Amino acid sequence: METGTEPVRFDTKIAVLLRDDLPVWQRLNMTAFLVSGIARAAPEVIGEPYADADDTPYLPMFRQPVLVFAGSKEVLTAAHQRAVGRNLPLAVFTSDLFGTGNDRDNRAAVRAVGRADLDLTGLAVYGPRNGVDKVIKGARMHP
């Protein structure tokens, strides 16, 4: 019998990996943008809407934790290669996107650069827990 007090374990993981040499405001901004891609690509990760005791409605959020990691440019590049190789849902943020101001220009900036030459500053990946763990190998929890 389930009492509602048992810890919930998920077979999947949502991970964000950010370059560790960027200002905090850029890391926070990237995290928000990157996880929006996961929500769109994997709608099953979204829980039910919230409401308070006064029945004020609130938007639904992810049904599971989003784990945020940090690493060097090299760690990010390796993680990107592993995620692509595993065909996992992946969102990317490149240094060029800090200079654009809209989705159209963001997509054009990424499109203009080959995969191997992307100046990655962040990524978000979703998939089976063990697969995501292998993708982010070498990263550490964000401080």
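Mentor: Before we start, a cut-off: a residue is buried under 20% relative accessible area, exposed over 50%, and partly exposed in between. Keep in mind that this is a predicted model.

Trainee: Got it. R104 and D105 form a salt bridge, but is R104 buried or exposed?
Mentor: The closest N and O atoms of D105 and R104 are 3.5 Å apart. D105 is at 30% relative accessibility, so D105 counts as partly exposed. R104 has a relative accessible area of 56%, and exposed means over 50%, so R104 is exposed.

Trainee: Which residue does D103 form a salt bridge with?
Mentor: Look along helix α3, about one turn of the helix, to a residue 4 residues apart from D103. The closest N and O atoms of the pair are 3.0 Å apart. The partner of D103 is R107.

Trainee: What about D21 and R19: which class does R19 fall in, buried or exposed?
Mentor: D21 and R19 form a salt bridge, with 2.8 Å between the closest N and O atoms. D21 is at 52% relative accessibility, so D21 counts as exposed. R19 has a relative accessible area of 9%, which is under 20%, so R19 is buried.

Trainee: Which residues are linked with R19 and D21 in a network of salt bridges?
Mentor: The whole structure has 7 salt bridges. In the network, R19 and D21 are joined by K73 and D119.

Trainee: Switching to pockets, which residues are closest to the centre of the largest pocket?
Mentor: The largest pocket holds about 540 Å³ of space. It is lined by 16 residues, and those closest to its centre are A91, V92, L97, R107 and V110.

Trainee: And how many of the lining residues are nonpolar?
Mentor: α1, β5 and α3 each supply at least two residues of that lining. By class, the lining has 3 polar and 3 charged residues, and the nonpolar count is 10.

Trainee: Where's M61, and what is its relative accessible area?
Mentor: M61 sits in the loop between β3 and β4. Along with Y50 and Y58, M61 forms a nonpolar surface patch with about 330 Å² of accessible area together.

Trainee: Last one: how far apart in space are A124 and I14?
Mentor: A124 is in strand β6, and with a relative accessible area of 0% it is buried. A124 and I14 are 110 residues apart in sequence, but C-alpha to C-alpha they are separated by 7.2 Å.

Terms used:
Residues numbered from 1 in each chain as written. Predicted model: local features only at pLDDT ≥ 70, side-chain atom pairs only at ≥ 80, totals over all residues. Heavy atoms only, no water. 1 Å grid on protein atoms, 1.4 Å probe; cavity = no way out; pocket = protein on both sides within 12 Å on 5 of 7 lines; lining within 4 Å. Points joined across faces, edges and corners; volume = space filled by probe spheres on them. Nonpolar A, V, L, I, M, F, W, Y, C, P; charged D, E, K, R; others polar. Patch = residues over 30% accessible without salt bridge, like charges linked within 9 Å, V, L, I, M, F, W, Y side chains within 5 Å. Areas by Shrake-Rupley, 256 points an atom, 1.4 Å probe, with all protein chains shown as cover. Salt bridge = Lys/Arg side-chain N within 4 Å of Asp/Glu carboxyl O. Buried < 20%, exposed > 50% of the residue type's maximum accessible area, 1.4 Å probe, protein only.
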